[in-house]
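Below are my notes on the model, as numbered points.

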Amino acid sequence: MTVRTRFAPSPTGYLHIGGARTALFCWLHARKHGGTFILRIEDTDIERSTAESVNAILEGMTWLGLEYDEGPFFQTRRFPRYREVMEQMLRDGRAYYCYCSKERLEQLRNEQMARKEKPRYDGRCRAGVPNPPAGVKPVVRFKNPQGGSIVVEDLIRGRVVFQNAELDDLIIARADGTPTYNFTVVVDDMDMKISHVIRGDDHLNNTPRQLNMLQALGVEPPVYAHVPMILGPDGSRLSKRHGAVSVMQYRDEGYLPEALLNYLVRLGWSHGDQEIFSLDEMIELFDVKDVHSSAAAINPDKLLWLNQHYLKTSDPAHIAHHLSYHLGRLGVDPSKGPDLLEVVKVQRERAKTLAEMAQNSVFFYRDPQGYDEKAVAKYLKKEIAPALQAFGERLMQCSAWDPATLHALLEETAKSGGLEFGKLAQAVRIAIAGRAVSPPIDVSLHLVGRERSLRLLHEVLEHPALKPPHHA
RNA sequence: GCUCCCUUCGUCUAGUGGCCUAGGACGCUGGCCUCUCACGCCGGUAACAGGGGUUCGAAUCCCCUAGGGAGCGCCA
């Protein structure tokens with residue numbers, strides 16, 4: 001059997017992290033079996049669908065690297081096809097016109113609820129309407145089987161049985177002739193020869209209806225796999241108040257796509273004790289049927305840890321590429337300063353995100369805007385001034401500017417000034433970075449460069465904290 | 001309300017009747033390393049939702065209860 005999976009978002013917002021995981025699972029399944037991954041945009045809700053959302057979804061997929069083999073297909077372009085199938089069903093007696101008013105339906109629903117029953121259509125028009133009310137545009141309903149049961153053999157949930165009596169005759173075409181969701185899905189899955197439907201478990205309840213329609217159309221149904229939802233860190237439904245939910249927001253906060261993907265694949269799925277998975281390993285080891293059936297809460301700390309892991313271990317050139325985007329966002333031109341690769345190598349294990357790494361690296365390219373007050377109070381003591389001065393002078397006389405030389409000079413200066421290495425290092429650090437935190441001081445000096453370092457060392461000596469008290 | 005789904009450390013999970021005084025990871029935490037911040041290394045913390053069965057033996061199988069979620073649209 002040829003494997004064909006599809007990811008079918010509706011363009012009513014950005015690509016969120018739950019959707020991204022579903023897309024990943026679909027993609028992995030297709031790749032694993034040498035199959036085809038299809039992108040289908042379910043935009044039949046014309047009111048809420050937007051072109052911006054389509055772009056946002058496409059952008060998110062691209063950033064994650066989940067390339068699709070076919071599509072994107074747009075359901076709004078397939079209306080003639082849906083109509084064709086619907087008319088066929090009408091002719092075959094698999095569907096019928098329903099003239100019931102929304103008011104009647106509303107009342108029916110209320111009565112059923114009052115009787116503590118599951119609200120559903122009572123089938124009044126099912127047997128045919130001899131005298132259709134004039135001026136009423138009918139909807140089209142599917143004739144759902146009335147007895148027996150329908151079984152969903154779900155790859156993740158196992159066998160789930162639904163009684164047909166629980167299902168009603170759902171509307172497949174609105175009064176204006178446009179098709180509804182459950183119907184378009186059925187026609188598309190059929191036409192696109194989807195072999196595996198991997199989707200959120202909020203669709204599990206739709207599956208028996210779709211199965212019944214597929215059966216009515218006489219086609220072999222796809223295999224279903226309903227993946228559980230992703231919850232917010234507090235275990236409640238994921239929403240904007242939980243912070244990042246859009247995939248692009250993760251990019252802007254400085255996550256690497258491979259870190260997000262690795263995080264997502266481990267949510268509800270595992271392979272023994274393994275935590276780190278390359279894309280190739282995921283493709284090799286992932287199997288939908290191993291996906292957990294329970295919902296999983298997102299854990300921002302673990303994502304951060306994974307991101308740092310990839311920051312520490314990926315190819316520096318790859319990191320540099322992503323880092324330059326974030327430096328750019330801070331108004332820094334990475335070509336005007338030290339080699340980005342050098343920066344990556346020294347910063348990669350001191351940042352959890354690219355955004356943080358960029359933030360920590362601007363001083364390599366630009367003078368600090370003032371000094372951190374706490375750092376000044378703690379480390380810029382008057383006693384340090386002579387040593388700072390002396391260090392500047394030694395540097396001036398030294399032509400080499402490599403970390404080892406700089407380190408030796410620093411050590412020498414501290415020793416002859418009767419200072420601890422760390423005390424002097426912190427003062428120098430404040431001078432060039434503006435704060436008490438930076439990569440090793442010798443490397444930092446090296447990357448800031450000779451000319452700018454000398455100037456900044458000179459400038460820090462003007463700081464009031466280093467000036468001797470005024471005497472009369 | 002009805003139908004369906006779910007339930008192992010705070011979180012992600014291992015576990016498919018004996019290897020479980022329940023393993024790993026994140027987090028938190030004690031220590032080591034150290035020019036700052038980090039990295040790294042060593043150690044600690046913490047769970048089978050509850051109750052009944054089945055069995056020589058149950059986290060694992062069955063039933064019930066509780067809790068959580070989803071669906072019940074001329075939304076997708």
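1. A residue is near a molecule or strand if one of its heavy atoms lies within 4 Å of it. In this predicted model, 61 residues are around RNA strand B, and those that come nearest are Arg 157, Arg 174, Gly 268, Glu 349 and Ser 438. Of the atoms of RNA strand B that come within 4 Å of the protein, 68% belong to sugar and phosphate.

2. At Ala 175, a polar backbone atom is 3.1 Å from a base oxygen of RNA strand B.

3. Helices (H or I, at least four residues) and strands (E, at least two) are DSSP runs, numbered from the N terminus. Elements giving two or more residues to the surface near RNA strand B include helix H4 (102-114), strand S7 (158-163), helix H10 (300-313) and helix H17 (421-433). That surface has 21 nonpolar, 17 polar and 23 charged residues, where Ala, Val, Leu, Ile, Met, Phe, Trp, Tyr, Cys and Pro count as nonpolar, Asp, Glu, Lys and Arg as charged, and the others, Gly among them, as polar.

4. The axes of helix H11 (residues 316-329) and helix H12 (residues 340-347) come within 9 Å and cross at roughly 100°; axes are lines fitted to C-alpha atoms, for helices over the stretch in contact, and angles run from 0 to 180 degrees between N-to-C directions. H11 is therefore roughly perpendicular to H12 (65 to 115 degrees; under 35 is roughly parallel, over 145 roughly antiparallel, the rest oblique). The contact (heavy atoms within 4.5 Å) comprises 10 nonpolar residues, one polar and one charged.

5. Helix H3 (residues 79-91) and H5 have axes that come within 10 Å and cross at roughly 100°. H3 is thus roughly perpendicular to H5. Among the residues that meet are Tyr 82 and Met 86 in H3 and Phe 183 and Val 187 in H5. Seven nonpolar, one polar and three charged residues form this contact.

6. Chain A averages a pLDDT of 92, and 98% of the residues score at least 70; pLDDT is the predictor's confidence in each residue, from 0 to 100. For the complex, the predictor gives an ipTM of 0.93 and a pTM of 0.93.

7. Residues are numbered from 1 along each chain as its sequence is written, and chains are lettered from A and ligands numbered from 1 in the order in which they are written. Local features need pLDDT of at least 70, side-chain atom pairs count only at pLDDT 80 or more, and totals for chains, interfaces and linings use all residues, while side-chain values use heavy atoms, with hydrogens and water left out.

Conventions
Polar contact = N/O pair within 3.5 Å; in protein donor to acceptor, adjacent residues only side chain to side chain.
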